[in-house]
Amino acid sequence: MSTFKELLQASFKSNDTEEWLDVHFNRPIGLVFALLWNKLGVHPNVITILSFFLGTAAGWMFYYTDLTHNLMGVALLVLADFCDSTDGQMARLTGKKTLVGRVLDGVSGDVWFFAIYVALCLRMQDQNIPGTDVQWGVWIWALGIIAGILSHSPQSSLADYYRQIHLFFLKGKEGSELDNYAQQRAIFELTPKKQLFARMFYRSYANYCKSQERRTPRFQTFFSSWKQASASRDRQELEGIRQQFLTGSRPLMAYTNVLTFNTRAIVLYITCLLNCPWVYLLFEIVVLNILYVYMHKRHESLCERMTTVMAQQ
């Protein structure tokens, strides 16, 4: 029988892609809940749906300016994140992976933060812009759209893509969810029209993959060369290239972690508790976008070097 420590390690995607707060806080607590829910026969999808309600309720609490409601918002969003950790750990440990589960897990964070951005804009629209006697009005909605749709969304999707790329080279296809537009589009075309839910998912997911691929031309060139070489050469011949890529990719995992949940959640908590959530929106737009551009440039440069190495082999 596996020990708790062994189960915890097995529930990680990899040591390279897990951040400190998850390893020492979120994942252990998530595993406790995962074991409990699994013993009670609760499916991972139910836990994901529960996180929808918790995350949305957190956004509602952040609409208010008083300390009590904001502390409740923090607690609810922490619980939503535990659920998000729990459902993934349950799926990896039990093999209970479904199309519905992929859809739900993929949109859960979007649901939370949509509710949060709307709540923050409603909270601030009648407040004065700091240092002035002018109300935020429609401008806070413009700021929210820039922060949420034009910043948060592309940051998270590219960070997720780089994680899946790293996991592919670290653990192989079976240890990664690295997909591509052509593959997902083909699945969409082959899915019977009467399966509306599946077709909606595969079409949306194919476009999601396409947006990731469009932003990473140098990786696409390198990966194409890698796949061609993998089909015609012995795996051992490519081991040095694989290790070289992982060495360059591993430091970038810290940036992918910052651009996912924990860092932005902590900033959100602090700014809401201090009643200055506009700072969170500016942090999203300025600081996280700088990290996003830097991460993207370094990864593309790494892929360009690796393409040159592949050509010289």
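User: Why is N275 called partly exposed in this predicted model?

Analyst: Partly exposed is the class between the two cut-offs, under 20% for buried and over 50% for exposed. N275 has a relative accessibility of 36%, so N275 counts as partly exposed. You can find N275 in the loop between α12 (262-273) and α13.

User: What is there to say about the phi of N275?

Analyst: The phi of N275 is near 60°, which is a positive value in a residue other than glycine. For background, most residues other than glycine have a negative phi.

User: How do you know that E18 is buried?

Analyst: Buried means under 20% relative accessible area. E18 has a relative accessible area of 9%, so E18 is buried. The residue belongs to the loop between α1 (4-11) and α2 (20-39). Along the chain, E18 and R163 are 145 residues apart, while their C-alpha atoms are 9.9 Å apart in space.

User: S176 is in a loop too. What makes S176 count as buried?

Analyst: The same cut-off of under 20% applies. With 10% relative accessibility, S176 counts as buried. Its loop runs between α6 (138-171) and α7 (181-190). Leaving out residues up to four places away in sequence, S176 touches Q164, L167 and F168.

User: Why is I149 called exposed?

Analyst: Exposed means over 50% relative accessible area. I149 has 57%, so I149 is exposed. I149 lies in helix α6. Apart from neighbours within four places in sequence, I149 is in contact with G144 and P154. Between I149 and V267, which are 118 residues apart along the chain, the C-alpha separation is 18 Å.

User: And what makes I187 count as partly exposed?

Analyst: Partly exposed covers what falls between buried, under 20%, and exposed, over 50%. I187 has 31% relative accessibility, so I187 counts as partly exposed. This residue sits in helix α7. I187 and R199 are twelve residues apart in sequence, and their C-alpha atoms are 8.6 Å apart in space.

User: Now to the helix pairs. Why are α7 and α8 called roughly antiparallel?

Analyst: An angle over 145 degrees counts as roughly antiparallel. α7 and α8 pack at about 165°, with axes 8 Å apart. They are therefore roughly antiparallel to each other. Their crossing is left-handed. On the α7 side, the contact residues include Y181, R185 and I187, and on the α8 side they include R199, Y202 and E213. The residues of this contact divide into seven nonpolar, two polar and six charged.

User: What makes α6 roughly perpendicular to α8?

Analyst: Angles of 65 to 115 degrees count as roughly perpendicular. The axes of α6 and helix α8 (residues 196-214) cross at roughly 80° and come within 10 Å. That makes α6 roughly perpendicular to α8. In this contact, S157, D160 and Y161 of α6 meet Y208, Q212 and E213 of α8. By type, the contact residues are two nonpolar, two polar and two charged.

User: How do you know how α10 is oriented relative to α13?

Analyst: The angle tells us, with over 145 degrees counting as roughly antiparallel. Helix α10 (residues 239-249) and helix α13 (residues 278-312) pack at about 165°, and their axes are 10 Å apart. That makes α10 roughly antiparallel to α13. The crossing of these two helices is right-handed. From α10, the residues I241, Q244, F245, G248 and S249 meet H299, L302, C303, M306, V309 and M310 from α13. This contact has seven nonpolar residues, four polar ones and no charged ones.

User: Which residues does UniProt list for "transmembrane region"?

Analyst: The unreviewed UniProt entry lists residues 46-64, 99-120 and 136-153 under that name.

User: What does the model show for residues 46-64, and what for residues 136-153?

Analyst: Residues 46-64 are 89% helix and 0% strand, and the end C-alpha atoms lie 29 Å apart. Residues 136-153 are also 89% helix and 0% strand, with end C-alpha atoms 23 Å apart.

Notes. Residues numbered from 1 in each chain as written. Predicted model: local features only at pLDDT ≥ 70, side-chain atom pairs only at ≥ 80, totals over all residues. Heavy atoms only, no water. Axes fitted to C-alpha atoms, helices over the stretch in contact; angles between N-to-C directions. Helix = DSSP H or I, 4+ residues; strand = E, 2+ residues; numbered from the N terminus. Parallel < 35°, antiparallel > 145°, perpendicular 65-115°, else oblique. Left-handed = near helix turned anticlockwise from the far one by under 90°. Contact = heavy atoms within 4.5 Å. Nonpolar A, V, L, I, M, F, W, Y, C, P; charged D, E, K, R; others polar. UniProt positions renumbered as here; feature names shortened; annotations may be inferred. Buried < 20%, exposed > 50% of the residue type's maximum accessible area, 1.4 Å probe, protein only.
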